[in-house]
Each structure stands twice: as structure tokens, then as C-alpha cells.
Amino acid sequence: MCAAGTHPYSDFVPLLNKLGTAAPRPTAPDLRRLRVALTVFFALDGFVFAGWVVRIPAIKEQTGASASQLGLALLAVSAGAVITMTLTGRLCRRYGSLRTTVACGVLLPLSVALPPLTDSVLVLGLVLLFFGAAYGGISVAMNSAAVDLVAALRRPVMPSFHAAFSLGGMIGAGLGGLVAGHLSPTPHLLGITVLGLAITAVTAPVLLRDGAADLLREHSSTPEALPSPDVRASHRMDRRTRGLVLVFGLIALCTAYGEGAIADWGPLHLEQDLHAHPGVAAASYSCFAFAMTIGRLSGTTLLERLGRTRTVVGGGATACVGMLLGALAPSTGLALAGFAVTGLGLANIFPVAVERAGALAGPGGVAAASTLGYGGMLVGPPLIGFMADWYSLPAALTSVALLAAAAALIGFATRHTERTEHVEPLVPTERTETV
């Protein structure tokens, strides 16, 4: 007979509670809703950016810009993005990555409606500076939120978010190509603004509702989620951590360099060096982007089976082989196959690099890695042009293969950090839950 006021299993209840909370693996509908909403913002980012890109020729004609003047104006997009990224990391630390994502989700659609309203290169450059700032801001904010959500879900789902960005870009480019012959840039981009604001209005409540940020913070294993401000500060200020974030940023740079190079120089290589039809040459980036999307859609499964280090090393090696084929192949078909293989190889390297930087240093790490990554996309195409003048375009494109190999080597050299960055932050949380 049990004593009064006791239950025969009461002694086991605290033990069961500890076992159940020591290493939570949340699968709550709230987390799933957050993942869906954040995925929508990634897709919106790609959709808006692609919608602008397909109207660049029409806006060039509208403003009367020369090729060099347009190049300088387009440089404002990258400049605005890079300048804003560090500031956005600070905003995420102060106001939260979810709120910052929503704010940038309003600014980005608004900014894309402005370029068709310009009538001079100078005004276009100023407008594109604002557009680039909004683009860079949402990139850092939503990646910071994604890093926290990856930690909360305890699954490497980061590539799925970047797959949504790629899909959004493909849809935006496809729709833009369809309407380009029927609509001027003004109604087209204004329509994107209206659609983007509507999507933000529908999706934002999921990110802004009470408890959404706390839900991520409760389950996240990132340094920002640790309860002690001193611990968070040490992760941000530690010299070793800064060095690792820089290394992951270099990996992101190697990937973005290749993406920018293929986008800008791939079609010219096929048309000029392999004498491909212009329509076929234009398909070079489509092959690359489609393969990258497929690679990112399968990225979570790949990361779960191989881990981050093997994924980066294998992806870099694959991209190296693919780009050597794409640059040096004697026929158009083989070159297109090489671009596709390169897309598969590079697909998950950037998401993994950003995630690992964010897991170490929160939004500041995401901002640093993203800034270096976009820096690679900024300097890549001009460097390819200089090397093409010095040597040849095929020889210049082999630099993409060299940087892909460098990403693989860096990933292998930092393999010992993978376990540390995902295990160490969990210690204070486990102590809190089991005491």
C-alpha cells in the first residue's frame, strides 16, 4: 500500500521529465509554420530579384545608359547590399531576426518599383543603391532566422531555404520573360511590388506573433540563444571564432564567385568560343540554376547522411570537375553538362558556410559570411573579364574550378570545428534544463 499523497510511479516522474527535456527535438506546429513562412520569404527574395534582372535591358534603353555606365549603376546594387549587411546583423541582435526580416520584406518590394521611374544613369544608381540595401538586408535577416530555426529543428534544413530562393528566382525570371514583350518595366515591376507586399502581409503575422522569437530562442543551439549575455559576448569577441567566421566567409566567397562568373560569362563563352546559337547560349545559366535548385532540394538528406564537412568537400570537388568540363569542353553539349555539374557541386556550399558562421556568431556571423560571399559575386565577373583579356575566356573560367577546389580544401581543413560548433553551445542549455 502506498503512503498517503504518493503515487507508485512518482519517483520516476522527475527522471522521465529530465530525460524528455535534456535534448528536445521540437516538431511543434509552431516551428513548422515558422519554417513555411521563412521559406516564403526566401522565395520572395529570389522572385523579386529575378524580376528586376530580366528588365535590365529595357531600363538601360530607357535611361540611355552606355554599357560602362550601366555597369557602374549595377555596381550600386552590390555596394548597397554589402554596406547594409553589417548594419543588418546589428539590427537582428537588437530587434530580432524575425522582425528585421519582415521589415526588409516590405522595403524590398517597394524598392524594385523605383528603377523604371528613373530617366538618368545617376538617379538609377541612387535608386539601385536603395534596392541593393533592401536586398542585402533581407538576405542577412532571413539567413539569421534560418540559422536559429535549423538549430531549433535539430535538422540541417538550411539548403531547403536556399532552394526556395532558387525556385523563386526561376519563377520570377520565367514570368518576366513572358511578360517582357507585352508590358513595359513600370507596370511589370509595380505588379511585383503589389504581389510582394501582399505576400509579406499574409506571411508576416507568423513571424511577428507573440512567442515566435522566444520559441526559436528556447530551442536554438546558437550562441544567441544562450541565457548569459557574457557567454554571447564571448562568442562574438573571441579571436578564434572570428577567424572561423572569416574562413566560412571565404568558402561562401568561392561559391558566389562561381555563380556570378557563370551568370555573366557562361553565355558569352558558348556563343563566342563554341559558336553556339544565342538561344542555346542563353540556356547556360538556366542549366546551372536548375541543377543548383535540385541540389539544394536534396541538401537536407545529403547533410544528414554525409555531414557538413563531407558535403562541402564533395561539393567543391564536384564543382571543380564540372567547371573544368564547362570551360574546356570542345562542344556545346559537354559545356552545358559541365555547367550543370558545377551547379550540383556548388548548391549546398554557400548555405552550409552561412549556417556554420551563424552557429558560431549569430547574426554577426551571418552578416560577415554573407558580405564576403557577395563580395565574391561582386569581384568575380570583372576579374574574369581581365583574365579573359590577358589569356582567354576558357582559361579565365577555370578560375571558378580553382576556387571550388579551394572551398573543398578549406572545408576539409576546418573539419574539426563541425562537432565543436554544434555541441558546445548545447552545454549551458542542458544544464539549465536538468538542474
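Modeller: Tyr135 first: at 6% relative accessibility, this residue counts as buried (under 20%; over 50% is exposed, in between partly exposed, 1.4 Å probe, protein chains only). The model is predicted, so local features need pLDDT of at least 70 and side-chain atom pairs 80 or more, while totals for chains, interfaces and linings use all residues. Numbering runs from 1 along each chain as its sequence is written, and side-chain values use heavy atoms, leaving out hydrogens and water.

Tyr135 belongs to one aromatic cluster together with Phe49, Trp52 and Phe131. Phe49 in that group is partly exposed, at 24% relative accessible area, whereas Tyr135 is buried.

In total, the structure has five aromatic pairs (ring centres within 6.5 Å, using the six-membered ring for Trp; planes under 30 degrees apart are stacked, over 60 edge-to-face, the rest tilted). Phe49 and Tyr135 make one of them, stacked with 4.6 Å between centres and 25° between planes. Phe49 sits in helix α2 (residues 29-53) and Tyr135 in helix α6 (residues 121-153), so this pair ties together parts that are 86 residues apart in sequence (helices are DSSP runs of H or I, at least four residues, numbered from the N terminus).

Another stacked pair is Phe386 with Trp390, at 6.1 Å centre to centre and 20° between the planes. Both of these residues lie in helix α15 (residues 349-390), four residues apart, which is about one turn of the helix. Phe386 is partly exposed at 48%, and Trp390 is exposed at 61% relative accessible area.

Now back to α6, the helix of Tyr135. If you ignore neighbours within four places in sequence, Ser144 touches Cys92, Ser97, Pro363 and Val366 (contact is heavy atoms within 4.5 Å).

In α11, Val247, Leu250, Ile251, Cys254, Tyr257, Gly258, Ala261, Trp265, Leu268, His269, Gln272 and Asp273 make contact with α16. On the α16 side, the residues they meet are Leu393, Pro394, Leu397, Ser399, Val400, Leu403, Ala406, Ala407, Ile410 and Gly411.

How values were computed. Helices (H or I, at least four residues) and strands (E, at least two) are DSSP runs, numbered from the N terminus.
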